[in-house]
Amino acid sequence: MKTRIHAAAGAIALTTVSAFWLSTATAELLGDAAAITTVKNCVLAGMAVLIPAMIVAGASGFSLGKGWKSPVVARKKWRMRIIAANGLLVLVPCAFLLSSFAAAGRFDKFFVVVQTIELAAGATNIALLSLNMRDGLSLRRKPRLAARAR
């Protein structure tokens, strides 16, 4: 059961971050100020989904990996620390700042710089979450393959 909760939370986190990133990039490239403002407000509101998903994925992952000596589990733990730090120290502050700037109609150079930082940090988290999902799936396959070999 814990494995399914972990997988679901991780999938929700990856899907949410990907949706934020794609929505932001699309609005920036094709949208007007109103579209960008809407996306920035939705990203901020979407934190209510993303943050609990990340907490559940992290907590359940650390619980599942407790006592494991596998290098795969060690890599997942290392990545999760970077994902969490990136989210808390870069992405959440950027989301608040960009939402307030967009609401004020402030689309100046500073907005563009912060938006670029947010897109880079988001892409980093998408890559790291994807690698964690890949490694999690490989950990699930190993016991099944060992059972078939018996």
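Phe 110 counts as partly exposed because its relative accessibility is 40% (buried means under 20% relative accessible area, exposed over 50%, partly exposed in between, with a 1.4 Å probe and protein chains only). Phe 110 lies in helix α4 (helices are DSSP runs of H or I with at least four residues, numbered from the N terminus).

In this predicted model, local features need pLDDT of at least 70 and side-chain atom pairs count only at pLDDT 80 or more, while totals for chains, interfaces and linings use all residues. Residues are numbered from 1 along each chain, and side-chain values use heavy atoms, without hydrogens and water.

Together with Leu 97, Val 113 and Ile 117, Phe 110 forms a nonpolar surface patch of about 320 Å² accessible area (Shrake-Rupley method, 1.4 Å probe; members have over 30% relative accessible area and no salt bridge, and nonpolar side chains are joined within 5 Å; a salt bridge is a side-chain nitrogen of Lys or Arg within 4 Å of a carboxyl oxygen of Asp or Glu). Helix α4 (residues 109–149) gives the largest share of the patch, three residues.

## Phe 107 in the loop

Phe 107 is placed in the loop between α3 (71–103) and α4. With a relative accessible area of 31%, Phe 107 is partly exposed. Beyond neighbours within four places in sequence, Phe 107 is in contact (heavy atoms within 4.5 Å) with Ala 33, Ile 36, Thr 37 and Ala 102. Ala 33 is 74 residues away in sequence, yet the C-alpha atoms of Phe 107 and Ala 33 are 8.1 Å apart.

## Phe 111 and the core

Phe 111 is among the residues that touch the most other members of the largest nonpolar core, which has 25 residues (buried Ala, Val, Leu, Ile, Met, Phe, Trp, Tyr and Cys joined through side-chain atoms within 4.5 Å). Two or more core residues come from each of α1 (2–30), α2 (33–64), α3 and α4, and α3 gives the largest share, eight residues.

Not counting residues up to four places away in sequence, Phe 111 touches Glu 28, Ile 36, Lys 40, Leu 98, Phe 101, Ala 102 and Arg 106.

Note on methods
Patches are made of residues with over 30% relative accessible area and no salt bridge: like charges are joined within 9 Å, nonpolar side chains (Val, Leu, Ile, Met, Phe, Trp, Tyr) within 5 Å.
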